[in-house]
Structure formats: structure tokens, C-alpha cells
Amino acid sequence: MLVTGNDILVPARAGKYGVGSFNTNNMEITQAIIHTAEKLRSPVMVQMSEGAIKYGGQDLANIVIDLAQRATVPVALHLDHGSSYESALKAIKMGFTSIMIDASHHGFDENVHETKRVVEAAHAMGISVEAELGRLGGIEEHIVVDEKDAFLTDPEEAVQFVEQTGTDYLAIAIGTSHGAFKGKGRPYIDQARIVKIGELLGVPLVAHGSSGVPQEIVERFRAAGGQIGDAAGIADDDLKEACQHGIAKVNVDTDLRLASTVGIREALAANPKEFDPRKIFGPARDVMAQVIEHKMRVLGSVGKA
């Protein structure tokens with residue numbers, strides 16, 4: 001069933017579990033996400049970035065909406081990192097049921113102003129909103145933030161921000177980062193900051209840049225001819241702990257990109273003469289489904305739908 005983000009995240013926050021919000025760019029990714037959610041009886045959010053909208057447009061949104069409407073578990077279609085009021089309105093017209101406005105690159109007052117505009121427009125249509133306070137490092141499509149420009153979310157500011165904007169859920173900077181390279185060794189997550197913000201705010205909190213970058217997938221990627229540096233992701237235990245203190249929405253993109261490419265590379269390596277796309281993209285869908293299932297089990301959303 002197609003629902004709003006609030007319909008999924010408010011129960012998650014109350015139940016102290018997380019819900020995966022997985023980025024999609026095509027049919028196979030969408031199927032892997034929603035079919036796995038059905039299999040595990042898990043609520044799920046499917047998100048499209050502005051890059052995905054540029055690539056797949058209304059056609060891709062319609063695939064998500066159709067699968068969501070026919071699903072027997074709650075599914076929300078979310079705009080990831082909407083860069084402007086106009087982008088948010090476009091997504092609303094396309095049928096999105098959850099909107100992110102990311103004005104975190106502005107100062108506090110401008111962030112409040114831009115977020116409040118989107119909240120007013122989305123709420124008028126019964127659509128819930130995510131905003132961001134603080135800045136994550138790393139690279140993801142048009143999001144490029146140097147480490148020196150990244151900063152963690154201030155708990156007191158977070159309270160003021162939610163009160164002034166009326167945003168439904170808040171993405172906080174806690175040490176995670178976008179992309180496959182989140183630091184050397186085990187990336188540091190500021191759990192104490194999550195606890196503090198969770199104590200002060202009752203709204204669902206959001207963790208961006210939360211791919212685990214499983215080493216098994218990385219090794220399979222290399223074995224199939226892929227080239228990647230010392231990729232590192234967020235530890236499962238850190239996500240489990242974060243969900244106990246307010247993190248309800250957990251964004252995952254890099255893991256699916258890696259898994260998809262592994263499936264494609266392995267299929268072509270096993271049979272270099274293959275040119276049937278079903279036998280190339282089908283294995284990619286299967287590997288992504290395995291990664292998605294693992295993440296849902298880590299977050300504790302299995303059986304919550």
C-alpha cells in the first residue's frame with residue numbers, strides 16, 4: 001500500500017526500530033526493494049534523488065507507485081535531497097508521498113525559511129516532509145561536501161529547527177557520510193549525540209549515508225574485475241544502537257549500487273557470450289535483494305508490517 005513517510009516512521013520511532021529508505025534508479029532495483037519488503041513483512045521507503053528523476057522521470061516514479069499500491073506492506077515514495085522549493089513541488093505533482101528539502105548548506109535562518117515553505121505546501125497535500133540540519137561529508141550525486149565543511153547537528157538547534165519549521169522528521173549529522181568511503185577502519189558514529197537529540201525531540205530522526213558497504217560484496221566486486229579503494233561502511237551494531245534512540249529512517253544507496261554491479265559483472269564473467277538482459281539484470285536484482293534483506297534484519301523492521 002502506498003502511504004506517507006509519517007505512516008511508516010512514526011511507528012518506527014515509537015517501536016525503536018529503523019526502516020530502510022533505499023534509492024532506486026530502475027525497475028530491477030525497485031522490485032528488489034519492494035519484493036523483499038513483502039517477503040519479510042517490513043515497511044519500506046523507496047527514494048528517488050533528483051538524479052534519478054532526471055534519469056527515469058515520471059516513468060520510474062510510476063513503477064514505484066504501481067508496485068507500492070499493489071504491495072501488502074506500507075511503502076512510501078520519497079524525494080531524496082530535494083534541492084529547492086520548486087523541486088519539492090515537482091515531486092509532489094509526480095505522486096511522491098514523502099519529500100525531503102535539503103537546505104542544510106544555508107545558514108540556520110535560511111534553512112528554516114526554505115524548509116517551512118516546503119512543509120506548508122506538502123502538508124496542504126497530506127504529504128510528510130524531511131529536512132536536514134548539520135552537514136554530512138562525502139559524495140553522492142550532486143551532494144559534495146568536503147570533510148572540513150561537514151559539521152554535526154547541535155541538539156538545541158535541532159529543537160528550535162523542528163519547532164520553527166514543523167518538519168515531520170529530521171536528518172541529523174552524526175558522523176555518517178555519503179558514498180563508499182566513510183573513513184579508515186570503523187567509521188565513528190556519535191551515539192551520545194543521537195541519544196541527546198532523541199531525548200529532546202519526539203519526531204523520527206534520519207541517518208543519511210548509512211550503507212554498510214559489506215566486505216563480502218566489495219571482495220566480489222574486485223574478484224569480478226571491479227576497481228575500488230579501501231571502501232568502508234557503517235557497522236551493523238552502530239545502526240542497531242542508533243535505532244534504539246530515535247533513528248527511524250536509514251538511507252541506503254551505495255550498497256545497492258555495489259550489489260547491482262556485482263551481479264552484472266559476475267553474470268557477464270560467467271558467460272561472456274550472454275546478451276539477454278534478463279540474464280544480466282536478473283542476477284543483479286537477486287544480489288540486491290540479499291543486501292536489502294540483511295539491512296532490514298539489522299534495523300529490526302522485519303515483521304513490523
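Strands E3 and E4 (residues 98–101) run parallel and are joined by three bridges. Two strands count as paired if DSSP finds at least two bridges between them. Helices (H or I, at least four residues) and strands (E, at least two) are DSSP runs, numbered from the N terminus. This is a predicted model: local features need pLDDT of at least 70, side-chain atom pairs count only at pLDDT 80 or more, and totals for chains, interfaces and linings use all residues. Residues are numbered from 1 along each chain as its sequence is written, and side-chain values use heavy atoms, with hydrogens and water left out.

**Strand pairing**

- Gly82 has Ile101 in E4 as its bridge partner.
- Strand E2 (residues 44–49) also pairs with E3 in the parallel sense, over six bridges.
- Met45 stands opposite Ala76 in E3.
- Four bridges join E4 to E5, and these strands run parallel. Here Ser98 has Ser128 in E5 as its bridge partner.
- E5 is joined to strand E8 (residues 169–172) by four bridges, again in parallel. Leu133 has Ile172 in E8 as its bridge partner.

- Right-handed means that, with the strands pointing away from the viewer, the path from the first strand over the helix to the second runs clockwise.
- A right-handed β-α-β unit is made by E3, helix H4 (residues 85–94) and E4.
- E4, H5 and E5 make a right-handed unit as well.

**Buried strands**

- Buried means under 20% relative accessible area; exposed is over 50%, and partly exposed lies in between (1.4 Å probe, protein chains only).
- Strand E3 (residues 75–82) has eight of its eight residues buried, so it is largely enclosed by the rest of the structure.
- Strand E5 (residues 128–133) is mostly covered, with six of six residues buried.
- In a regular strand the side chains alternate between the two faces of the sheet.
- Both faces of E5 are covered. Ser128, Glu130 and Glu132 are buried on one side, and Val129, Ala131 and Leu133 on the other.

**Rings and charges**

- The whole structure holds one aromatic pair. Rings of Phe, Tyr and Trp (its six-membered ring) pair if their centres lie within 6.5 Å; planes under 30 degrees apart count as stacked, over 60 as edge-to-face and the rest as tilted.
- Phe108 and Phe161 have ring centres 6.1 Å apart and planes at 70°, so the pair is edge-to-face.
- This pair links distant parts of the chain: Phe108 is in helix H5 (residues 108–124) and Phe161 in helix H6 (residues 155–165), 53 residues apart.
- Phe161 has 0% relative accessibility, so it counts as buried.
- Arg117 lies over the face of Tyr85, 4.0 Å from the ring centre. A charge sits over a ring if NZ of Lys or CZ of Arg is within 6 Å of the ring centre and within 35 degrees of the ring normal.
- Arg265 lies over the face of Phe221, at 5.5 Å from the ring centre.

**Helix H11**

- Helix H11 (residues 277–299) has 23 residues, which should span 33 Å at 1.5 Å a residue; its end C-alpha atoms are 33 Å apart, which agrees. The expected span is 1.5 Å times one less than the number of residues.
- Buried residues in H11 include Ile280, Val287, Val291 and Leu299.
- Just after H11, Gly300 takes a positive phi of about 85°.
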